[in-house]
Amino acid sequence: MNDINLGTTIARLRKQGGLTQNDLAEHLGVTKAAVSKWEVGQSLPDVAQLPRIAAFFSVTIDELFDYRPQMSEARVKEVAVRLSNMLGDDPDAVIVECRRYIKEYYSCWSLVVMLSNLMYTAAVHVSPVEPDPAIIDETMGYYEHVAAHSDNVELIRAAKFVIAGMAMAQKRYEEAIERFEELKPAQPLEIESSLASSYQMIGETEKAIEINQEHLYWSIFGVVNSCTALLSLCGNDGERLEILIHATESVIDAFGLSETSPAHELSFHFNAATAYKELGDLDEAYACLDRYAELAARADEMFAVDLEPGALFDRLDHLFRPDADDADRIYLENTMAGLGKIGLVQMLAFSPSWADAHDDPRYQAVLAKIEAA
C-alpha cells in the first residue's frame with residue numbers, strides 16, 4: 001500500500017497546525033514515540049484511532065489517508081505506451097502487467113479502459129485465430145466495471161459499446177441487440193452545427209470550421225458504414241445492389257476517402273463482393289474481392305496514424321497528423337500494428353459466404369496476395 005500516505009499526512013497536518021508530536025499523543029492517549037513511528041512510516045495507528053485523528057485535524061478519513069487510487073492522465077499514457085511497446089516481443093507479459101495495474105488502480109477509469117483494450121490486443125497477438133476466451137471474459141468484466149461505476153459519461157458509453165461488440169463477436173446476438181439498443185439515441189441532436197454557429201457568432205471562425213469539418217468527417221463514415229451494411233441485405237435484388245454500390249462509390253470518390261481513410265473502404269468492397277457472389281455474379285464478386293485484397297495488402301499503411309487529410313478536412317491535424325512524440329499516437333500505432341492484416345485475412349478465411357470457394361484458384365490468389373504483403 002505504497003499509495004497510502006497516512007504518516008506523511010499526519011506530520012503535515014500537525015506542522016500546519018503548529019502542534020508537537022506530544023500534543024497529538026496526549027489527545028489520543030498514546031505515547032510520543034508511537035506518533036513518531038506513524039510519521040516515519042514504521043507503523044500505523046490502530047483503526048479505532050482514525051476517526052479521532054481525523055476529527056483532531058478537522059479532515060475526513062479519506063483526506064487523512066491521502067490515498068490516490070487514480071493515476072494522472074500523463075502517467076496513464078506513460079504506462080499504456082510502455083506496455084504497448086512490448087506487444088510484438090512478449091504479449092503474454094503484457095497481459096500479466098495489464099492485469100496487475102488494473103487490479104491496483106481499479107477505479108482509474110481511463111487506465112482500466114486503455115489496458116483492457118491492450119489485454120485484448122495482446123490475446124490476439126498470442127492466438128490470432130482463437131484468442132483465449134478467459135482473457136476475453138476478463139477484459140469484458142473490466143469494461144463492465146467501468147460502465148457500472150465510472151463517473152465519466154464518455155468512458156461509460158465507450159465501455160458499453162465495446163461490451164456490446166464483444167457480445168456480438170461471441171454470437172450472443174440477443175444480448176448484443178439489447179446493449180446496442182440501449183446506446184442508440186432516439187434521434188441525433190446535431191449539437192455540432194449549433195456549437196459551430198455559436199463559435200462563428202463570437203468571431204472564432206477557425207474553431208467553427210474545425211467543428212463542422214470533424215462532424216462532416218464522422219458523418220460521412222456513418223453514411224458509408226450504413227451503405228456497406230445494406231449491401232448484404234439486398235438479397236436477390238440486383239438492381240438495388242447496383243444502385244447502392246454506385247452511391248457508396250460516389251461518396252468515397254467525392255470525399256476522397258481512398259486517401260483520407262482507406263480502411264473504411266475495406267468492408268465496402270468485401271460486402272460488395274459477397275453480395276455479388278450471393279447473386280451468382282462471380283466475375284463482379286472477384287473484381288470487388290481483388291480491390292479488397294489490394295487495400296488489405298496495404299494494411300500496415302492504412303492502419304497507421306499518419307494520413308493525408310485533404311482540403312475538406314485540413315483543420316483536423318489532431319486526427320490525421322498527431323505529434324510524433326504524442327503518447328496517444330504511439331499507443332495506437334502499437335495496438336494496431338499487425339492486427340489489421342490478421343483481421344482482414346480472417347474476415348475472408350472464416351466468412352461462411354466464401355466457404356465453398358476455398359479451392360477456387362481466384363480465391364486462393366486473393367488470400368495469397370493479402371498474406372504475402
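**From overall form to ring pairs**

Of the chain's 373 residues, 38% are buried, meaning under 20% relative accessible area with a 1.4 Å probe and protein chains only. This is a predicted model, where local features need pLDDT of at least 70, side-chain atom pairs count only at pLDDT 80 or more, and totals for chains, interfaces and linings use all residues. Residues are numbered from 1 along each chain as its sequence is written, and side-chain values use heavy atoms, leaving out hydrogens and water.

The chain has 22 helices and zero strands; helices are DSSP runs of H or I with at least four residues, strands runs of E with at least two, numbered from the N terminus. The C-alpha atoms fill a box of roughly 90 × 55 × 40 Å along the principal axes.

Now the rings. The structure holds nine aromatic pairs. Rings of Phe, Tyr and Trp (its six-membered ring) pair if their centres lie within 6.5 Å; planes under 30 degrees apart are stacked, over 60 edge-to-face, the rest tilted. F270 and Y292 form a tilted pair, 5.3 Å centre to centre with 50° between the planes. This pair links distant parts of the chain: F270 sits in helix α16 (residues 263-279) and Y292 in helix α17 (residues 282-296), 22 residues apart. F270 is buried, at 7% relative accessible area. Y292 is buried too, at 0%.

Y286 and W354 make an edge-to-face pair, because their planes stand at 70°, with ring centres 5.5 Å apart. Y286 lies in helix α17, and W354 in the loop between α21 (339-349) and α22 (361-372), 68 residues apart. Both Y286 and W354 are buried.

Key
Buried means under 20% relative accessible area, exposed over 50%, partly exposed in between (1.4 Å probe, protein chains only).
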